[in-house]
Amino acid sequence: MSEATVAEVMAELATLEDPKMREANEKRGDDHGVNLSKLRAVAKRLKTQQDLARELWATDNTAARLLALLICRPKAFERDELDAMLRESRAPKVHDWLVNYVVKKSPHAEELRVAWTADPDPVVASAGWALTTERVAKKPEGLDLPGLLDTVEAEMKDAPDRLQWAMNHTLAQIGIEHAEHRARALDIGERLGVLKDYPTPPNCTSPFAPIWINEMVSRKGG
């Protein structure tokens, strides 16, 4: 299937459709019923195929778009192409994979981070904050960490869910990675109380920033 057509791939995805999985996914806003392990197996067999990835993306089918993100060549997309793709990505899983599997590997990541963070669309802005979290952890040089904390403090409490989640992740990452800002990050988290009551399964870390920060710092030994 190395030279698969879109029709062949769509037919295979249709055979993988599971009504129960679709029902579970739709509760999270993801309109597809394909087991992601099976989807990854298809991607592994197809390998990298940029043209096919673009054609699958154009179908506007969520499972096909997820597959497209697994077989694409991240550095082959132009900046405006990635921007358009993000704005089309309303299924949370597509949005998440696009940012994490493609945009983060793109030479346009920093330019898009700056543009998206300032975007009035909260879903687009959440992608900018996700990229900011990545920089906080891996390449903080040049970031205004106190300024980021100022923005989180002023805006996170009333932000829409996906933007709030992304800002909270940045807050936690600053507290985890940067000891000089940890006390302030903990204080902001405590005062805002965002995700304090989020249901957390056993053996998982709460997304409530103070718990998250303290747990990760403890694991790192200080």
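Helices are DSSP runs of H or I of at least four residues, numbered from the N terminus. The views below show a predicted model.

**View 1. The largest nonpolar core of the predicted model.** This core holds 39 residues, and Leu56, Leu67 and Leu98 touch the most other members. Two or more residues each come from the elements α1 (6–16), α3 (36–46), α4 (50–58), α5 (62–71), α6 (79–88), α7 (92–102), α8 (109–117) and α9 (122–138). Helix α5 provides the largest share, with 7 residues.

**View 2. The aromatic pair of Trp97 and Tyr101.** The whole structure contains 2 aromatic pairs. One of them joins Trp97 and Tyr101 in a tilted arrangement, with 5.1 Å centre to centre and 35° between the planes. Both residues belong to helix α7, where Trp97 and Tyr101 are 4 residues apart, about one turn of the helix. Trp97 counts as buried because its relative accessibility is 2%, under the limit of 20%. Tyr101 has a relative accessibility of 26% and therefore counts as partly exposed.

**View 3. Arg65 and the ring of Trp57.** Here Arg65 lies over the face of Trp57, and the distance from the ring centre is 4.3 Å.

Notes:
Residues numbered from 1 in each chain as written. Predicted model: local features only at pLDDT ≥ 70, side-chain atom pairs only at ≥ 80, totals over all residues. Heavy atoms only, no water. Core = buried A, V, L, I, M, F, W, Y, C linked by side-chain atoms within 4.5 Å. Buried < 20%, exposed > 50% of the residue type's maximum accessible area, 1.4 Å probe, protein only. Phe/Tyr/Trp six-rings, centres within 6.5 Å; stacked < 30°, edge-to-face > 60°. Lys NZ or Arg CZ within 6 Å of the ring centre and 35° of its normal.
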